[in-house]
Amino acid sequence: MVAHIVGLKWQLLRNGLRRSTPQLVGLVFAGLYGLGVLGVAMTGLIGLRFEPPSDAARTAITVGGSAATLGWALLPVIAYGIDETLDPARFATFAVPRRQLVLGLLLSSLVSVPAVVTTVLAFATVITWSRSVLAVVVAPLAAAVGVLTCVALSRVTSTAFSAMSRSRRGKDVVSLMVLLLSVGIAVGSSSIMERLSAPGLLAEVADLLGWTPLGLAWSAPADIVDGAIGSGLLRLALAMVFLMVALLAWDLLLRGALENPRAASGGRAATRAATRDTGLGCFGWLPATPTGAVAARSVTSWLRDPRYVSSVALMLLLPLGLLVSPLTGGSSAWSLAMAPAAGFLLGWSMHNDIAYDGTAFWAHVATGVSGRADRIGRLAPTAMVGSVLLPGYATLACVLTGRWSLWPAVLGIGLGFLLSGFGVASVMSALKPYPVPGPGENPFGAPPGSSALTVVVQAVAGAAVFALNLPLIGVGIGALLGPVWIGWLCLGLAAVFGSGALILGTWWGATIYERRAPELLADLARIR
Amino acid sequence: MPYRGSSLALSLRGLSKAFGSTLAVDRLDLDVPRGSFFGLVGPNGAGKTTTLSMATGLLRPDAGTAHVLGHDVWSDSVRAKQLVGILPDGLRLFDRLTGLQLICYSGLLRGMDRAVVTDRAHELLDALGLAEAGGTLVVDYSAGMTKKISLACALIHAPRLLVLDEPFEAVDPISASTIRQILKGYAASGGTVILSSHVMDLVQRLCDRVAIVAAGQIRAVGTLDEVRAGMTLEERFVHLVGGQTDVGEGLAWLRTSSD
């Protein structure tokens, strides 16, 4: 049975590849990347073998191993919803004994590029530790425990997450948690890295991690090599206990998933009460025209769909990243880039808006809504956000730098980016939608095999917006160095030129839309 | 030109569509007279959905024409689309809207007046037994409720032709009976209904005209009695489409009576 489950995973992987060439190419690249990482890390691990004191090896392997374990535990959160090929709930209808299912699912998780890389590296530490006979005996054991712990933790997280996300509300909560976590990691990691670079601190951290469940297995052989045989064996034993605990926890979660595969947490009645909304919402106050209707629909989705909520949050947070330097005593000049960055992100981000509709887009095709209404209506939510954000960020920058004369120039560049971004996006999104996560999926998960098209479209859209605004940026730099009136010139030019780009872009986009609305629907049906 | 003016609610001529090397619809001709309640039946993969998508402007045919009440769906699409209401199968809805919002959205997209749209939307919600659920997000609806709200969206602009792809799939008997009543009333007042289904019994009960589709072509078309030719619709269907395997003495191990 265990062999069957592992075989199933292997078969699914192979069949998936047979279905799509892009996915095969993706795997080849993942494989090459894995080989690269493997090569570098292997060289390091073998090099550490010949480093006379074993301290460097202890620090590197404990910290690296702990980081890998943590990564495995968090991976399903970040990559949630991507690989459900062996979703335990799907085994609910088969009478597979749970113990065998646990073992089978655990081992089948080892059939993937990251798992193979982790395993090879873990066992490469045996070379690093080959300094005494006992160490050569303990190290492979510790490596096996370490790798299995990684995989078991990732299964615990993914099972817990899939249990939570069985209801829509749970899914939305999960998506937002993922967002907060990702932002937390992004913000936290840079400052942690900065502090860790202080000499000696890393070794202390390694000592600390060595006694946490994350690092127990990875630091056990180090003790053996150093002659602290008792503490080394203790760590190994504790690591095994922790592995057992993780497996038991997973087993318990799995029992829930198998015995109650479709339980919706919260229940329908509660959900219904929670989402009760009496009126028309935005449809009640936006103009009662096709354009107004598209706008109201977009705004409503932006407020209710976590995929949009998270992209709005990112667009708010990314420009704020430019505040890190001014707030920590660095140059306040960075803050001047906030409004332009926000304008760029907001305008550019609309270039794939239609893909988020998915096949629901049929309503636009069936009603024969005009290209103009579709193109302009979609811009409403970002236009609303932009109209608050751009002046806000421009003002904030002036407060921080104390250079109020730059206000019109900063706002102008932001406005130019926003409006011309809208123009470019109106054309792009009528041309080539690329896959995005479906409703209720992880907002950050990219469907596999889509990356090449995604990168090309994003780069083309970004380059187009940037190229269109080069003259404006020139004038903006003039305002930075020259007299005040250049700033006002910049704002004026941005308004005139941006509106021109917007009008031209929406007109062109509308023409394309009207020519190929059914083809767009077919595209959207295919990429889902 | 065999085209006979607007006495036909729908007229398809030589409609073809290939997906890759698979020919989904193969030079299909079909006429649906005004005021008829028309059933399109066929096995899975016969090309029903593809045909209906091409007839309503959702999918561009490789060849052939489609006319709705005399208006070409592809060259005169604005007028044609005003006359048709569609309930597609297997396509998403903007399900983060409430039921009420979704119906209003369909109306407003067609450029209708807000007051009219809101009044009709409330009437439709009442008629479909969804009055209570009007403020609930469509994503939280059951399968039957979703079909009913889609039907409301198709009806909001008072179309002359209603094209319904599998309107009774995954619908409970009570919702199904509500939908049936509304459709019967609509047809009785002069509207034309085309629906696809593989529930023969239902088609037999509802429709006055039937077409049997298989492998992208029409195998039989006419009034219900013409097509049935003295058999039940199901017998005639199996007879025309073929492919039923005689189980005979196979699967003997399934018969538990020997224990």
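A: Let's start with one term: a residue is buried if 20 or more other C-beta atoms, placed from the backbone, lie within 10 Å of its own, exposed if 12 or fewer do, and partly exposed in between. Of the 528 residues of chain A, 44% count as buried. This is a predicted model, in which local features need pLDDT of at least 70, side-chain atom pairs count only at pLDDT 80 or more, and totals for chains, interfaces and linings use all residues. Residues are numbered from 1 along each chain as its sequence is written, while chains are lettered from A and ligands numbered from 1 in the order in which they are written.

Now to the part itself, an open sheet in chain B. Its six strands follow the order β6-β7-β8-β3-β9-β10, with mixed pairing. Strands (E, at least two residues) and helices (H or I, at least four) are DSSP runs numbered from the N terminus, and two strands pair if DSSP finds at least two bridges between them. At the edges lie β6 (84–87) and β10 (217–223) of chain B, each pairing on one side only. From one strand to the next, the twist averages 15 degrees (axes are lines fitted to C-alpha atoms, for helices over the stretch in contact, and angles run from 0 to 180 degrees between N-to-C directions).

Within the sheet, β3 (residues 37–41) and β9 (residues 209–214) of chain B run parallel and are joined by four bridges. Leu40(B), for instance, has Ala211(B) as its bridge partner in β9(B). Helix α1 (residues 48–55) of chain B packs on the sheet and touches β3, β7, β8 (192–197) and β9 of chain B. The direction of α1 makes about 150 degrees with that of β7(B).

Ala170(B) is found in the loop between β7 (161–165) and α6 (173–188) of chain B, and its phi is near 60 degrees, a positive value in a residue other than glycine. Most residues other than glycine have a negative phi. Ala170(B) is exposed, because 11 other C-beta atoms lie within 10 Å. Arg27(B), in strand β2 (residues 22–33) of chain B, also has a positive phi, near 40 degrees. With 13 other C-beta atoms within 10 Å, Arg27(B) is partly exposed.

What about the interior? A nonpolar core is a set of buried Ala, Val, Leu, Ile, Met, Phe, Trp, Tyr and Cys residues joined through C-beta atoms within 7 Å. The largest has 158 residues, of which Ala342(A), Val410(A), Ile103(B) and Ala152(B) touch the most other members. Helix α20 (residues 407–431) of chain A gives the most to this core, with 15 residues. Leaving out residues up to four places away in sequence, Ala152(B) touches Ile103(B), Leu124(B), Leu125(B) and Leu128(B); such a contact puts C-beta atoms, placed from the backbone, within 7 Å.

Chain A is the partner to compare with. There are 22 helices and zero strands in chain A. The contact takes 35 residues from chain A and 35 residues from chain B. The elements of chain A that give two or more residues to the side touching chain B are α11 (267–274), α12 (290–304), α17 (362–367) and α22 (484–527).

Conventions:
Contact = placed C-beta atoms within 7 Å.
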